[in-house]
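Please open the model in your viewer and keep the selection tool at hand, as this tour goes from one selection to the next.

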Amino acid sequence: MKRSPVLLVILAIIVILFFWGCNQQRGLATADQNVQTAWSNVETNYQRRTDLYSSVVKTIQGSANFEKSTLTAVIEARSKATSVHVDINDSTSLQQYQQAQAQLQGSFSRLMAVAEAYPDLKTTKAFQDFQAQIEGTENRINVARRDYNTAVNSYNLKVRLFPNNIFAGILGYHVRAYYKADVGSEKNPDINFDIK
């Protein structure tokens with residue numbers, strides 16, 4: 001039985017397309033997993049910050065008697081920040097998460113400014129250690145967010161560029177949202193040294 005050369009060519013093209021498609025799917029799945037890992041690193045660093053904030057609040061509560069409203073604002077912001085569920089495939093939930101984290105950071109900054117006015121608290125070793133750890137954690141968060149955006153950029157390029165976009169659409173891979181700067185962060189902060 002003699003095989004037709006046309007049939008062999010068609011079969012060869014099908015085999016090549018199959019293996020090429022498998023390779024494209026593998027690249028998309030790898031990029032997707034890189035985004036998931038990068039996001040987990042962002043969440044891990046935010047959790048570290050939240051845990052540190054809780055410890056600082058307890059230290060301040062035990063060491064000083066000061067404005068309760070500021071402390072209450074931090075506790076409420078922490079509760080809200082930890083209750084937001086994030087789906088990194090949904091840009092709206094990512095924005096809600098960012099807003100909750102920004103609110104927590106803002107209320108904590110106000111707490112730190114108030115706490116600085118108490119000399120006994122400022123000299124407490126635990127408080128000084130927390131300040132150093134918080135600074136390091138904020139740096140980690142910035143690095144993790146940058147790494148997340150790098151992973152999203154790589155993933156989005158794979159999803160959007162031809163011919164991957166064909167496979168991405170068929171396999172259900174969609175463009176992901178970047179982690180964006182907080183609203184208003186492009187403006188210089190208003191610094192006021194008149195803390196009472």
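In what follows, buried means under 20% relative accessible area, exposed means over 50%, and partly exposed lies in between, with a 1.4 Å probe and protein chains only. This is a predicted model, in which local features need pLDDT of at least 70 and side-chain atom pairs count only at pLDDT 80 or more, while totals for chains, interfaces and linings use all residues. Residues are numbered from 1 along each chain as its sequence is written, and side-chain values use heavy atoms, with hydrogens and water left out.

Select Y46 and Y179 to begin, both of which are buried. Rings of Phe, Tyr and Trp (its six-membered ring) pair if their centres lie within 6.5 Å, and planes under 30 degrees apart count as stacked, over 60 as edge-to-face and the rest as tilted. The structure holds eight aromatic pairs, and one of them is edge-to-face because the rings of F18 and F19 have centres 5.4 Å apart and planes at 75 degrees. Y46 and Y179 form a stacked pair, with 6.4 Å from centre to centre and 25 degrees between the planes.
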